[in-house]
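Subject: A structure for you to look at

Hi there,

Here is the structure I promised to pass on. Have a look at it first, and then read my notes below.

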Amino acid sequence: MSTVGQGVKEIRIRDAAGAFRVIYVAKLTDAIYVLHCFQKKTEKTSKADLNLAAKCYRDLLKELDQ
């Protein structure tokens, strides 16, 4: 998901309850950081969800640099 940040990936889950997304990054240090997870209500991922994940990514990078 280059729209969120470098190395960011997503897991897509679909079951009887609906469609879900987990946006994460695993290329930093020795951990997996979940940036955002949500249930999809529409076909397209909302701009608000992408912006929130991007903000979390930027905040994470700042925290790791300290």
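A disulfide here is a pair of cysteine sulfur atoms within 2.5 Å. By that rule the count is zero disulfides, and Cys37 is accordingly in none. Cys56 is partly exposed, with a relative accessible area of 28%; that label lies between buried (under 20%) and exposed (over 50%), using a 1.4 Å probe and protein chains only.

Please keep in mind that this is a predicted model, where local features need pLDDT of at least 70, side-chain atom pairs count only at pLDDT 80 or more, and totals for chains, interfaces and linings use all residues. Residues are numbered from 1 along each chain as its sequence is written, and side-chain values use heavy atoms, leaving out hydrogens and water.

Now for the overall picture. The C-alpha trace spans about 40 × 25 × 15 Å along its principal axes. Of the 66 residues, 30% count as buried. Among contacts (heavy atoms within 4.5 Å) between residues at least 6 apart in sequence, 24% join residues at least 24 apart.

Enjoy exploring!
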